[in-house]
Structure formats: structure tokens, C-alpha cells
Amino acid sequence: MIQRLLVANRGEIARRVFATCRALGVETVAVHSDADAAAPFVAEADQAVRLPGNTPAETYLRIDLILAAARKAGADAVHPGYGFLAENAEFAAAVTDAGLTWVGPPAKAIAAMGDKMAAKALLADAGVPMLPTWTDADQVTDFPVLVKAAAGGGGRGMRVVRDAAGLAEAVASARREAAAAFGDGTVFIERYVERGRHVEVQIFGDSHGTVLALGERDCSIQRRHQKIVEEAPAVLAPELRERLHAAAVAAGRAVDYVGAGTVEFLLAPDGAFFFLEMNTRLQVEHPVTEAVTGLDLVRLQLLVAEGEPLPLAATPPSDGHAIEVRLCAEDPAQGFRPATGTLHRFAIPGVAGAFTPLRGLRLDSGVTDGSVVRVHYDSMLAKLVAWAPTRAEAARALAAALARAELHGVATNRDLLVRVLRSREFGAVEIDTGFLERHEEVFAPLPPADQLPLAALAAALASAAARRVSAPVLAGLPSGWRNVPALPQAARFTMADGEIEVRYRLDRTGALAECSVPGVALVEAAFDRVVLEVDGVRRAFRVHRVGSAVFVDGPDGATSLVELPRFPLPTAELAAGSLLAPLPGAVTRVHVEVGQRVAAGDLLLTLEAMKLEHPVLAPTDGVVADLPVPAGGQVDTGTVLAVVTTEEDPR
């Protein structure tokens, strides 16, 4: 039996595996980069081993370092998690060659499914339906098509191409991104199905010849071809479900599959389905399957790795409905640009537990209060899962918990997730992989624009209350109170869409004597909570201040503000037309040169961060006046990447 398990991964999946290990009495070993030394998963392990490396991301890809860590810690088994080396056949073979137990499928099965073109050929012979596929761009005659990485997954290296003119650049870009993410830039091309649903089947095999389907998941809500909302079971006709399960089991049997795996299909509007790929690992979205089956999939992985048969003989019945969302550090309004920074507060109300199967709300998180979100890794912070007797109840509970969450310090996709879950189309199961492209309304922030002055007023009143509490004398007087009424107090804040100013004056009793926000009365104000009465309705705001940053959570949603100083210090002026780096990263390519005339929307540079490429586009017609960062240059947030001047300002 496994006594001490090393998890060759990081973040929430490491914590997930550790949770089952604790329940089973298995000791745990974490490995970590220098950037992750203070991460929660490191603190939770029984032992932790530092992985040296040139870059923080590289450390988790070094087979030699991980095997050395296993020897140093006395581990007798290795769990790969997902991502990094989880689907690397060489790693699986090296683990078993070192005399350790590999918690995953055999290296042969990983290799067979890792080469997606070979996998398609193998499974086509097993009767699994396939899409038309090409390996050479010159062979493609029908559009639209999808360019895909031959190795790895997670949406990296994928590009939709709708005409021949864009195919060459899409292939080149996909190759670069795939090489950066997986170390293999091989890509292929397959027919793109419009309005297709992404439905996948969880399979499990053991070394005694059993391969079972444990249910299916619908993962159609995606951004950048990466899943952000997953649910189980998928809403399908029973006959279609049976055919999907049978095809998935056939795929597993074709490679003598052992362990947890997922067979992904594209479901066309006419009911036809096609094989996409097989992931030879535990999936990010496995908690929804656990929620509706009651199974602990990590426990099953460990049992099968120890040579035990699966403790079930048939597909388990599905009970209720579960929906998972991936909470990511990114800004959907800016093309899902990854965000970095410190999570000053990470609190989600109503959570019943974490990392193991349960009913209600489950939180699998890689972060806690104070965690630093860096540029080196994937942007996912946590997964929040809701189980309920019905799909509608699960969606409502999940949206409510997300809307009330306190997520302070780093931009997230929370508001978009809430709007998706509350949308009429999601409720009616009118979903497919192009959902976000067709529904621009879900990108709007939760707080309506006309409610922002209330959030700013709450922030100003909370700050005033905090100042009075710390006042050395006359702390009981209202902020700004004078014997003779004078000008009202003013507070100015910056937010995502510009600046906002509120003005107010309190009387001797602490009531609002005047206010720039009409129809408002002050009920109570403390440094962390303000209650306002608006047109006869009381509205409570939770306020959290960190330096000049103020985070306001109200009944309509969350607002992030930065209070401006009354007397600002002078700062250096940027050249007009300066384009700044939105996050730390590396300039991988410069597409223009100084003096070149460009049009609005032209591609100037490509910035790589969090394993994804981010285009830097010309904001207006003009001339490139400066390119201070060469290709290969590293940049921090706010670094000037380029200067584009208009004809009216030809500097």
C-alpha cells in the first residue's frame, strides 16, 4: 500500500490530493518553486522539497528534480495532478523505473493518447466518430477550421480560422503557444463545428480489465477554448447518453486504460458527436462528477494504483445536479487578460467544505487571504461547486455565493460567471462553445453604473469613520464637523472606468446634512460597514480598505476604488500615445518598426504572460514613434511598450 505520496504539482490540485491522503492516512510530500514557497499547498503537506530551477514555471517540468525530491523525502508514490507533467509518458515511465508507484495510467496509454493524430487513427479503428482532420495547411479547403496543439490541452495552442487568409498566421501562433506550454509545437487542423457543445465522459479503469463510464459533464461555456463553467450530468436524451458512454468506454479499452481519464466529444446541433481528445489524467472539473455520484475520484486513483479492483461494477446513478465555475485572476473586459497582485481578502460565504465530495457548496482553492498571484502560472484561483437537487437550484445557489464573495486585490472573472449563471439562455440550456462570443451582455460588471456613486459614498463615509476612531482628541465628533457649516467634504476615487467624486456634510448628530448623491440618508457608518437608506430602502455595504485601495461589497455587487490624495505629488508625464504593459511578461515579437505608419487595430507587439500570447494593438491611426523594448525583453506592469503618435502630434 502507498505510505507516502509526492504530488508533482501545485496549487489547488495539490491541496485536493492531500485532502484525500489525510482521510486515508497517507503521508504527503509537496514540491515547490521559490515563487510558491509560501503557498498554502506547501504549508499543508507533511513534507515539502524545494525545486531549484532557472524559472519558477520550469521547476515543475524537471523530471530529474521531482524524482530527486521523491528520494530525498522517502516517497513511495507520485501523483501528477493535472497540467505540467501529468500527461508526459516519459515522466510516468521514469517514476515506475525508479521503483515508485505511479498514480495514473500506464506510460503506453499516455503516449498513445498524447499524440492526438495517432489517437484519432487508433480510436477511429475502434469505431469512435471523428471529425475531418489535416496536418498540412495546404490540404485545407473547407472553413471554418480549428488549429489545435498535438500535445497538451487546456485550450492552449487553439485558434479558430474562418478563411484561408488567416490560416498561416494562426498555425504559426498556435505553434509558438503550444511550444511554450508543452515543449512541443506540433499542431493539426480539424473542421470546426459551429454551435457545438463540449460534452465529456469520465472513465475509470483498473488493472483487472474493468473500464467504466462514471457519468458525463457539459463543459460548453468556454473562453479562449478553456472551460470556465462545467456541470454534471449533461442535459442529454438517455439514448444519446448511452452512445456517448459506450464510445468513451471503447476508447479506454482500445488502450487498455487504467486509472482516471476523460474522453471529450463535440456534440453537433443535429445530435451527431465526434471525438475531440482523451485526457489521461484527472480533470480540473472532476468535483462535479464527485458531487452527483458521491465517489472520491482521488481515492479511486490511489486504490487502482495499489492494484485493487474498482469497488463498483457499473456506471453509478446520478443524484441531483452539480455546477462548477473556475474563478480566475483575469479581466474579461480586456480580452480575459490575466491579472496579478495580492489577494487582500478571499472569502466566499456559505461554503460547506473543501476538496472532498459533499452536498451544498464546495470550494477547491489554491489561494487564501494574502496570497500573491504571480505571472508564472495559470490564472485559475479556485473552483466553486454547487450541488442541489435540480439544475436551476444549483445555478441559483452558485451565482448567489459568487455575488456575495469578497475578492479583494486582484481582478477576477466573478461578475461574468454570475451573469452567465443567471442568464435566461443558461437556464434554458441554450449553450455551446460560442456562448460568450454571442452574449456581450454577460461582460458587464454586476453593479449598475447608477449605483457606483453609492459605493463611493460608502467608501468615503467608512474612511471618515476610521479617521475618527483613530483621532487623538474629540473622536466622538462627526468627521468634518464645524460649529459654523462650511463647504462639504469631498472624496475622489479612481475606478476601472475613470474617476468619481462624492461630496457630503454631516451635522452634529452624525446625520447627512447634505450629499451629492440624492435621496440618501445615513443609517450607520463604521470603518468596515456602512448602511444607507436610499429612497426608503436600507442598503448595507461592506468596506475593506488597504492603503489607498477601497473595496466595497454591496447588494448589487463589488466595486474596487482607489482614493486619490487631496494634494497629489507631481509625477513624470508619459509621452502621448504611450502603450503600457498590462502585466509582467516577455515581448516575444515586435511586428513593426519606428517610423512605420499603422492603422487602429494593427498588431504592434506580442506579449507572452501566464503561458498565453497577448497582442498589443495600435489604439489609433498614426506613426510608431518609439519601441523601447526589443523582442525577448522582460517587462513589468506599466512598462512603456510602444509610442504611437497621431499626425496632429508628430513627435
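With a relative accessible area of 17%, G366 is buried (buried is under 20% relative accessible area, exposed over 50% and partly exposed in between, with a 1.4 Å probe and protein chains only). This is a predicted model, where local features need pLDDT of at least 70, side-chain atom pairs count only at pLDDT 80 or more, and totals for chains, interfaces and linings use all residues. Residues are numbered from 1 along each chain as its sequence is written, and side-chain values use heavy atoms, with hydrogens and water left out.

G366 sits in the loop between β20 and β21 (372-373); helices (H or I, at least four residues) and strands (E, at least two) are DSSP runs numbered from the N terminus. Setting aside neighbours within four places in sequence, G366 is in contact with G11, E12, R15, P40 and L381, contact being heavy atoms within 4.5 Å.

Two phenylalanines have a positive phi. F84, in the loop between β4 (77-79) and α5 (89-97), has a phi of about 50 degrees although it is not a glycine. Its relative accessibility is 24%, so F84 counts as partly exposed. F355, found in the loop between β19 (345-347) and β20 (361-365), has a phi near 75 degrees. Here the relative accessibility is 6%, so F355 counts as buried.

Cis peptide bonds turn up at two prolines. One joins F143 and P144, with omega about 5 degrees, and P144 belongs to the loop between β6 (133-134) and β7 (145-149). The other runs from A232 to P233, with omega near -5 degrees; P233 lies in the loop between β12 (226-232) and α9 (238-254).

Next, the sheet. Five strands make an open sheet with parallel pairing, in the order β3-β2-β1-β4-β5; two strands pair if DSSP finds at least two bridges between them. At the edges are β3 (47-50) and β5 (101-102), each pairing on one side only. Strand β2 (residues 27-32) pairs with β3 in the parallel sense over four bridges, and H32 has R50 in β3 as its bridge partner.

As for the inside of the protein, the largest nonpolar core has 61 residues, and those with the most contacts inside it are L5, L6, V78, F91, F204 and L214. Such a core is a set of buried Ala, Val, Leu, Ile, Met, Phe, Trp, Tyr and Cys residues joined through side-chain atoms within 4.5 Å. Helix α4 (residues 63-73) gives the most to this core, with seven residues. Not counting residues up to four places away in sequence, F204 touches T210, V211, L212, L214, G259, A260, L297, L300, Q301, V304 and L310. Apart from this core lies another, of 42 residues, among them V325, L402, V410 and V442.

On a 1 Å grid over the protein atoms alone, a cavity is a set of points where a 1.4 Å probe fits but cannot get out, while a pocket is an open set with protein on both sides within 12 Å along at least five of seven lines; lining residues have an atom within 4 Å of a point. Grid points are joined across faces, edges and corners, and a volume is the space filled by probe spheres set on the points.

Searching the whole structure gives three cavities of 30 Å³ or more. The largest holds about 80 Å³, and its lining is made of P447, Q451, L452, A455, R539, F541, V552, G554, D556, G557 and T559. Elements giving two or more residues to that lining are α16 (452-469), β29 (537-546), β30 (549-554) and β31 (557-563). By class, the lining has five nonpolar, four polar and two charged residues; Ala, Val, Leu, Ile, Met, Phe, Trp, Tyr, Cys and Pro count as nonpolar, Asp, Glu, Lys and Arg as charged, and the others, Gly among them, as polar.

The second largest cavity has a volume of about 60 Å³. Eleven residues line this cavity, with R223, Q226, E330, S379 and L612 nearest its centre, and the lining divides into four nonpolar, two polar and five charged.

The second largest pocket has about 1,300 Å³ of space. Of its 43 lining residues, D331, A411, T412, A496 and S560 are the closest to the centre. The largest share of this lining comes from β31, with five residues. By class, the pocket lining has 26 nonpolar, ten polar and seven charged residues.
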